[in-house]
Amino acid sequence: MPGAVIVGTQWGDEGKGRFTDYLAKDASLCVRYQGGHNAGHTIIVDGEVFKLQLVPSGVLYPHVVPVIGNGVVVDPAVLISELDMLSAKGVEVSRLRLSGNAHLIMPYHQEIDRVTERYLGKNKLGTTKRGIGPTYADKALRVGLRVQDLLDPKIFREKLDLVLREKNGLLSKVYNRLPMDANEIAKTYLDMVPRLEPHIDDTVHLVHESLDAGEWVLFEGAQATYLDLDHGTYPFVTSSNPIAGGVCTGAGVGPLAIQRVVGVVKAYTTRVGSGPFPSELLEGDPIGDDLVERGREFGTNTGRRRRPGWLDLVMLKHATRLNTCTELAITKLDVLSPLKELKVCVGYLGDDGTRYEHVPYHQSVMHKIKPIYETLPGWGTDIERAEKISDLPTEAKDYVQFIEDFTKVHVSFVSVGPSRDQLVVLPRGE
Ligand code: GDP
Ligand code: IMO
Ligand code: MG
């Protein structure tokens with residue numbers, strides 16, 4: 001049963017979309033299993049830029065069926081506008097399948113996301129304000145509305161009335177906001193049904209039909225390991241499980257359906273929003289500014305400047321365990337080209353002098369640790385046109401080798417530019 005997972009090993013924006021696009025050429029299904037339109041996946045094909053938030057990146061191949069699994073949270077208006085955007089670019093989208101069990105992001109979820117962030121003040125999480133956390137919270141509370149509810153207007157309305165009573169109490173009494181109108185919400189959502197209905201399906205069944213037929217099913221992670229609700233830097237995380245294990249619940253397969261787990265790792269680190277970041281290059285550091293500028297590190301989704309930092313190998317090694325990575329894909333190696341020296345974090349020092357070889361589990365320790373760096377030589381020459389490993393300068397090959405030796409996980413791919421073809425494939429043993 002050949003299932004393959006693409007998973008982010010850092011704090012997101014590693015380049016999962018471009019690797020999903022690359023690996024989808026051999027797949028029959030490309031499945032999103034968690035998250036929502038908090039994701040922003042950029043793919044560049046023949047100079048054309050595609051920015052996807054909800055639709056799986058495999059959509060660009062006519063032979064791939066893109067699937068939005070049960071674990072995803074869906075804002076239907078965003079989905080429709082993304083489908084329209086793709087159609088306008090000549091991409092055929094009728095194949096898209098949408099799980100009837102996926103939960104709907106409702107207007108009150110987005111409003112609650114916005115007001116709770118405002119109330120947290122300087123303690124805010126820096127969410128994307130897409131309503132992700134409140135939607136998953138309602139799923140866990142068992143008061144969520146699902147895609148399938150759209151197919152029964154009476155049930156949809158009953159569930160909406162029930163939940164809106166509580167949400168309006170919260171919005172008006174706690175947050176001093178205007179209550180929302182059930183008629184208006186119901187009309188907006190039910191008016192979208194004719195556009196959505198042709199896509200709604202039993203996606204678990206589809207995934208298993210493909211696996212049983214021996215076809216590759218690609219599971220596309222959004223967000224990343226350290227944004228995982230259970231394993232990330234809680235509470236500065238998202239509200240789903242991006243780790244490879246999330247595929248099991250978010251797409252409806254057992255662990256043995258997964259043969260391949262590709263951990264995507266940026267050659268340095270970035271993070272959007274609040275939370276600890278041991279190897280961060282603080283604002284004003286010229287190397288950090290250079291990484292942001294050269295790497296165009298501004299959110300695909302919210303336009304926010306991403307916080308830059310050196311590659312953290314301790315976190316990467318832990319991520320390879322959490323995901324059981326069978327291989328790694330390194331992105332944006334080209335962004336490091338001008339740097340004379342490169343630092344990689346290989347351990348941490350606590351404020352009491354304790355040395356940590358692992359990611360500390362305790363938040364108070366995690367917030368205070370200082371990185372211990374090893375310095376590696378840079379290569380100082382452009383690598384954007386490298387097609388095979390022998391085209392890379394020795395120092396670039398050594399950087400990749402250092403990552404492989406530290407994590408003990410094979411590096412299968414190195415990307416040297418954002419385009420589909422700016423990719424070096426490394427067979428095992430090279
Ligand atoms: P994702 O969320 O993990 O899919 O990543 P994003 O698309 O949010 O961010 C990655 C950004 O880096 C996008 O703008 C990509 O076009 C770009 N990118 C991906 N791989 C490379 C690479 O190897 N080199 C450079 N320079 N840019 C890349
Ligand atoms: P992709 O798939 C980077 C971050 C937000 C915030 C935290 C919680 O493009 O890698 P949320 O809106 O999910 O409740 O916000 O998670 N975040 C991301 N950061 N890439 C993403 O997605 C992200 N999705 C959420 O910035 O810190
Ligand atoms: Mg992104």
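A salt bridge here is a side-chain nitrogen of Lys or Arg within 4 Å of a carboxyl oxygen of Asp or Glu. By that rule, the interface of domain 2 and domain 3 has 0 salt bridges.

Some ground rules. This is a predicted model, in which local features need pLDDT of at least 70 and side-chain atom pairs count only at pLDDT 80 or more, while totals for chains, interfaces and linings use all residues. Residues are numbered from 1 along each chain as its sequence is written, chains are lettered from A and ligands numbered from 1 in the order in which they are written, and side-chain values use heavy atoms, with hydrogens and water left out.

Back to the domains, whose bounds come from an automatic or database assignment: domain 1 is 1-96 + 199-259, domain 2 is 101-194 and domain 3 is 265-423. Between domain 2 and domain 3, the contact (heavy atoms within 4.5 Å) takes 6 residues from domain 2 and 5 residues from domain 3. The two bury about 380 Å² between them, 31% of it on carbon and sulfur atoms; that is the accessible area, with a 1.4 Å probe, lost on putting the two parts together, summed over both. On the domain 2 side, Gly126, Thr128 and Arg130 supply 70% of the buried area.

Now the magnesium ion, ligand 3. Which protein atoms are its donors? They are Asp13 (OD) and Gly40 (O), at 2.0 to 2.2 Å. Donors are N, O and S atoms within 2.8 Å of the metal (3.2 Å for Na, K and Ca), and water is not among the atoms, so the site may look incomplete.
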